[in-house]
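Please read this briefing with the sequence and the structure side by side, going from one topic to the next. Where a residue is named, try to find it before reading on.

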Amino acid sequence: MDYVSVEYRIRRIGGPWSDPDTQDMHDARVKHAPKQFTSPPQAGCLGFFLPTTISPSPISLIIFSSLLSIDALHTTSFSFKMPPISDNWPDVNASLEIMEPEYANRVISMVSQLKPHHSAIESYASSLHPQRLPCRLVADHYTWGQSFLVFELLFPSNMSWIIRFGMRPMDAYFNTAAQLERKILNEVAALHLVRQRTTIPIPEIIAYHAHPSPSNPLGPDFPAFVLMTAITGMTIEDCGIAIHELSSDSAVDATEQTPDPLGGDESKRSILQRYLRDIADIHVQLSRITFDRIGSFVIDAQGVVSIGPGADFGLGPFNSAKEYFALQAEAYEKLAMAAGLDDEAEESEAADAAQLKRRFVASLWRKAMMPLVDERDDRGPFPMRHGDLHSDNILVDETGHIVGVLDWDCAGTVPWEAFAVPTFEVSGHFSDPDSGSCSSSLSEDSLMSPPPSPIRPVVHRVFNRELVAAESQDGVVHVKPASGRTLAALHDSDAGHVGAYLAYWMYSLACDYDQTGRALHRMLGSDDDIDQDFRRFADEVGAIDVIQSQEIA
């Protein structure tokens, strides 16, 4: 079984982390809104698990000494009374009941393994607190993802830390010790870079241990873990803004059925504008962090960050954008086959046709993407991308100002074409010019000049304007690719649309025909309709009989 089929099967398991709109789903999504906020309080913070070592590694000491002063913790200490963060996590029993037994047992066995060590975990966390305050591990309300089991550590000062423990492998391919170590070190290194070279608000690592070892004070068989502070905030949805609707097809439809992402409240417009402005600022700041290769991050004992293999499956690093995109195209082709296997519950002929359609879409992505790679940028340098940036990983205050960006384990360097769209929520599919003007909730008069043809969702153009403004600020240092393209131009380009936006949906929807396939077909500008080109593809790969049998049926 190859890495793509393994990953596709994992995404289909179900459970509290199986969000189809999330590219990497192993982290808990936790946020917390203070009481003075008008939106309903929710949970808020993101944390790692650290290998607890009596003698921390040099890099652990570097991070620890730089982060854990009392002054440093003031930004994450809670100055108001609020309930535990874990109060807003999903119900444990309900979440376990919807999982397949083998995966539910994986969680339950990990909880049982840790139960005798709760007091030791609490003592260790208290020893790292600048005032040595005692803490309590909230044992009865935990959460989990694909890779980690997550607990809250609650201090009497109304401050919470989060600890995530690496769970045992799901099988011989996924969540192995080597993979967990790469993910932990990648996020540690990414946060180290971001803290050193940007003003992006992020959680603070207290300590980490990337693999089981004899030096672990909780025992040589204790799992890898990371310990991290909390960030207080809410999501943009908690502010009453349906951000996902802004990038949907309906956002370019002027019919009366068009949903209003602002809920009819014009006062929310300034909140949304501030949110988009902050994302643009984050995008510009990350563009300044570049390396000469493509891959995930590794960090040495002196705190020096370099590029290593991808955190998920250890592929790379890559020396060129073409090499990266060629492998990505191959991955989509394997994903199409793996997703087709999942269609086996259907009639055999129908399953064969469904798989063939996915393979066709994978071929469209390769055909669309490879000519769009700019030769001038093929050899880098390559910018740093968050890799899983969406509203569940972004915390804001009541004004829409971003106060925390979470979940950096998918971070890495990518080609500029893949960097072009920071989150699918600020872009969208093209629509035909005659499909109508854009949603009245974000009027062109108030936000934008008249749109070009073909039409993109209003949020795409509004965000592009924020990128232009962010790049033109006085005194801001800009890092442009060798091609000289601006970030706004990249975001608005066909290369960015295919290499970043449609690449996201290729993965999330497993090379689906009706949405991603049609979008790619439109990009390629074929004179024939998509069904005709699909028949031609089937004939080329010797599978025209699959279509004919479906037509007879």
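The points below take up confidence, helix packing, a salt bridge and some backbone details in turn.

This is a predicted model, and the mean pLDDT of its protein chain is 79, with 74% of the residues reaching 70 or more.

**Confidence along the chain**

- Over residues 1–80 the pLDDT stays under 50, and for this stretch the model has 261 contacts beyond four places in sequence.
- Residues 433–452 also have a pLDDT that stays under 50, and here the model has 51 contacts beyond four places in sequence.

**Helices H16 and H17**

- Helix H16, made of residues 494–508, and helix H17, made of residues 513–524, have axes that come within 10 Å and cross at roughly 165°.
- Because angles over 145 degrees count as roughly antiparallel, H16 and H17 are roughly antiparallel to each other, and H16 passes H17 in a left-handed crossing.
- On the H16 side the contact is formed by Asp494, His497, Val498, Leu502, Trp505 and Met506, which meet Thr516, Ala519, Leu520 and Met523 of H17.
- Sorted by class, the residues of this contact between H16 and H17 are 7 nonpolar, 2 polar and 1 charged.

**Helices H17 and H18**

- H17 also packs with helix H18, residues 530–540, at an angle of about 90°, and the axes of these two helices are 11 Å apart.
- That angle makes H17 roughly perpendicular to H18, since the range from 65 to 115 degrees counts as roughly perpendicular.
- Tyr513, Gly517, Arg518 and His521 are the residues of H17 that meet Ile530, Asp531, Asp533 and Phe534 of H18.
- The contact of H17 with H18 consists of 3 nonpolar, 2 polar and 3 charged residues.

**Helices H9 and H14**

- Helix H9, residues 269–287, and helix H14, residues 458–471, have axes that come within 9 Å and cross at roughly 55°.
- With that angle H9 and H14 are oblique to each other, and H9 passes H14 in a right-handed crossing.
- In H9, the residues Gln273, Leu276, Arg277, Ile279, Ala280, His283 and Val284 take part, and they meet Val459, Val462, Phe463, Arg465, Glu466, Leu467, Ala470 and Glu471 in H14.
- The classes in the contact of H9 with H14 come to 9 nonpolar, 2 polar and 4 charged residues.

**Salt bridges**

- The count of salt bridges in the model comes to 16, and one of them joins the side chains of aspartate 312 and lysine 183, with 3.5 Å from N to O.
- Aspartate 312 lies in the loop between strand E11 (305–308) and helix H10 (321–342), while lysine 183 lies in helix H7 (residues 177–197), so this pair ties together parts that are 129 residues apart in sequence.

**Backbone details in loops**

- As background for this topic, most peptide bonds are trans, and most residues other than glycine have a negative phi.
- The peptide bond from glycine 316 to proline 317 is cis, with omega near 5°, and proline 317 is found in the loop between E11 and H10.
- A cis peptide bond also runs from glycine 380 to proline 381, with omega near 5°, and proline 381 is placed in the loop between helix H11 (348–369) and strand E12 (382–385).
- Aspartate 407 has a phi near 60°, which is a positive value in a residue other than glycine, and aspartate 407 is located in the loop between strand E14 (402–405) and strand E15 (412–413).

Terms used: Residues are numbered from 1 along each chain as its sequence is written. This is a predicted model: local features need pLDDT of at least 70, side-chain atom pairs count only at pLDDT 80 or more; totals for chains, interfaces and linings use all residues. Side-chain values use heavy atoms; hydrogens and water are left out. Axes are lines fitted to C-alpha atoms, for helices over the stretch in contact, and angles run from 0 to 180 degrees between N-to-C directions. Helices (H or I, at least four residues) and strands (E, at least two) are DSSP runs, numbered from the N terminus. Angles under 35 degrees count as roughly parallel, over 145 as roughly antiparallel, 65 to 115 as roughly perpendicular and the rest as oblique. A crossing is left-handed if the near helix is turned anticlockwise from the far one by less than a right angle, and right-handed if clockwise. Contact means heavy atoms within 4.5 Å. Ala, Val, Leu, Ile, Met, Phe, Trp, Tyr, Cys and Pro count as nonpolar, Asp, Glu, Lys and Arg as charged, and the others, Gly among them, as polar. pLDDT is the predictor's confidence in each residue, from 0 to 100. A salt bridge is a side-chain nitrogen of Lys or Arg within 4 Å of a carboxyl oxygen of Asp or Glu.
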